Amino acid sequence: MILPIEKSSTFENMSPQDMQKIVERYGKWTKALVQGKRLVDGHKLSDGSGRVLRTAGGKLTVTDRPHTESKELIGGFWIIQAKDYDEAQKLCGDCPHLEYGPLVIREIEGR
Amino acid sequence: VIAAELTERLFRRSAGRLVAHLTRSLGTEHLGLAEDAVQDAMLRALQTWPFNGIPADPEAWLFRVARNRALDELRQLATRSRALNTLVGEPASPPQMGGAPFVDDQLTMMFLACHPALSEPMRVGLTLKVVAGFGVDEIAAAFLVPRGTIQQRLVRAKRVLRATVVPFAMPHEQDLPERLRDVLAVLYLAFNEGYAASAGDAPVRGELCIEAIHLGTVLAEHPVTNRPEVHALLALMILQASRLPARVDSLGALVLLDEQNRELWDRAAIARGFRHLEQASAGDCLTSYHLEAGIASCHAMAPSVADTDWSRILAYYDQLLEVDHSPVVRLNRAVAVAMVHGPEAGIRELAGLDRDPRLRRYHLLPAVRARLLERAGRAAEAARGYARAAKLARTTAERDLMERRLASLSA
């Protein structure tokens, strides 16, 4: 599973042409994964940061992000097929997201 | 995940089409809202498509999202206005993108952006932003002005349109020739800015030429604006642009006409230019675009500078001078005079131009004179001219060219 972490408001004030170029870069990257039969799934996550539930002293508190000070968001995820982390790393090395923030790669156990 | 591909410049062109289409429903007073909605839709595409894939019909997707954004925005404004009702009553899926209503909206938007209530810089800015889909930064880079200037100009332009209460409609038939003249003037200005590279070194400049030609084509293909003067301008722009591939060498330096590799000229574009030139000569309408396109066609046909029909070009310039008395036309005509009657004759033509305040800081005046002096064998004077032209040049490419000529003189 590949989780791209982004800082909000990366794309303010961008021209249509610039936006298209970014979409095209992602398109190229995913297309290569599809052609190599590596891409299993991908989804945008709904807007907002969701909810985080915690209990403290038996009392449930609900916040909207993991750490109150954090402005980092996960906009979506991909699931790819790879032999091991090294291969997954290779497949993600040219992911366009790396220009905007870090990528987290986690293996899904039992798949 | 589907991996559909986007057609080239889809976002930019969709931006123009979608803003026009939404503005028709929302009314001119909500032009800004339409723009924001379309910008939001594109941002949303950026956040969605990398994960979910590019949809089979990207423009329809953008339209649906933009329309919903506009609806949300209107509801928030709580204006139980005509705009909200119109938009709610409209079909949620867009009309055929290339279809007639869509093109009509785009045409109407062109006339709106070039409305006589607006100043010329406002018209150019608004046309590039809302019709051609350029970003504020791109426009600022092309015209070498700060982004804030463009931003303000756009805000003021929209305010003027609101204050003037301009309906989103085509001009009346009796106003059409004049209003069309304004639209063509803006397209030509945008094209020239892109072509002449008179300021800035941004890569967006070639795109200005491409979009000016694209919008000219939209006009030429529409029954209402399919008129000789439109074809004349289109022919002119296409013929000029056919030389773009040869205008810059592999190192990015400017190459003058007489040194260009004519093999690099775009033959398909030249053929297309000639077809429009032919359509331009229907009827007895004769505009400066006709004459300039005529000149461009002489160059396009010629195998070399020496084999160019310069007397015909000079005849075109003579006619052009009658309708357009600008010093730039006189400057260009002097080159033709020199080609027909020799460099000294050309230099004499330039004599009166020195005192014209409009050319005082125009680097091409000393550049052209220097070239003619060089050909007349007056190297020392030519050197002074090139040095002055280099000093006045507005881009590094132009300056480099002048310095190269200066160096080749002393070599």
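This briefing covers the interface of chain B and chain A and the aromatic pairs of the structure. The model is predicted. Chain B and chain A bury about 2300 Å² between them, with 64% of that area on carbon and sulfur atoms. Over all chains, the structure holds seven aromatic pairs.

**Interface of chain B and chain A**

- Chain B contributes 30 residues to the contact, and chain A contributes 27 residues.
- The rule finds one salt bridge across the interface; Asp47(A) forms a salt bridge with Arg44(B), with the closest N and O atoms 2.5 Å apart.
- Eight residue pairs are in polar contact across the interface, both residues being at pLDDT 80 or more.
- On the side of chain B that touches chain A, α1 (10-26), α2 (31-52) and α7 (136-143) of chain B each supply at least two residues.
- The largest share of that side, 11 residues, comes from α2(B).
- By class, the side of chain B that touches chain A has 14 nonpolar, seven polar and nine charged residues.

**Aromatic pairs in chain B**

- The pair Tyr188(B) and Tyr289(B) is edge-to-face, because the ring planes lie at 85°, with the centres 5.5 Å apart.
- This pair links distant parts of the chain, 101 residues apart: Tyr188(B) lies in helix α9 (residues 176-196) and Tyr289(B) in helix α14 (residues 288-301).
- Tyr188(B) and Tyr289(B) are both buried.
- Phe191(B) and Tyr195(B) form a stacked pair, at 5.7 Å centre to centre and 10° between the planes.
- Phe191(B) and Tyr195(B) are separated by about one helical turn, because they are four residues apart in helix α9 of chain B.
- Phe191(B) is buried at a relative accessible area of 0%, and Tyr195(B) counts as buried at 10% relative accessibility.

**Aromatic cluster**

- Tyr26(A), Trp29(A), Trp78(A) and Phe51(B) form one aromatic cluster.

Key:
Residues are numbered from 1 along each chain as its sequence is written. Chains are lettered from A and ligands numbered from 1 in the order in which they are written. This is a predicted model: local features need pLDDT of at least 70, side-chain atom pairs count only at pLDDT 80 or more; totals for chains, interfaces and linings use all residues. Side-chain values use heavy atoms; hydrogens and water are left out. Contact means heavy atoms within 4.5 Å. Buried area is the accessible area (1.4 Å probe) that two parts lose on being put together, summed over both. A salt bridge is a side-chain nitrogen of Lys or Arg within 4 Å of a carboxyl oxygen of Asp or Glu. A polar contact is a pair of N or O atoms within 3.5 Å; within protein, one must be able to donate a hydrogen and the other to accept it, and residues adjacent in sequence count only if both atoms are side-chain atoms. Ala, Val, Leu, Ile, Met, Phe, Trp, Tyr, Cys and Pro count as nonpolar, Asp, Glu, Lys and Arg as charged, and the others, Gly among them, as polar. Rings of Phe, Tyr and Trp (its six-membered ring) pair if their centres lie within 6.5 Å; planes under 30 degrees apart count as stacked, over 60 as edge-to-face and the rest as tilted. Buried means under 20% relative accessible area, exposed over 50%, partly exposed in between (1.4 Å probe, protein chains only).
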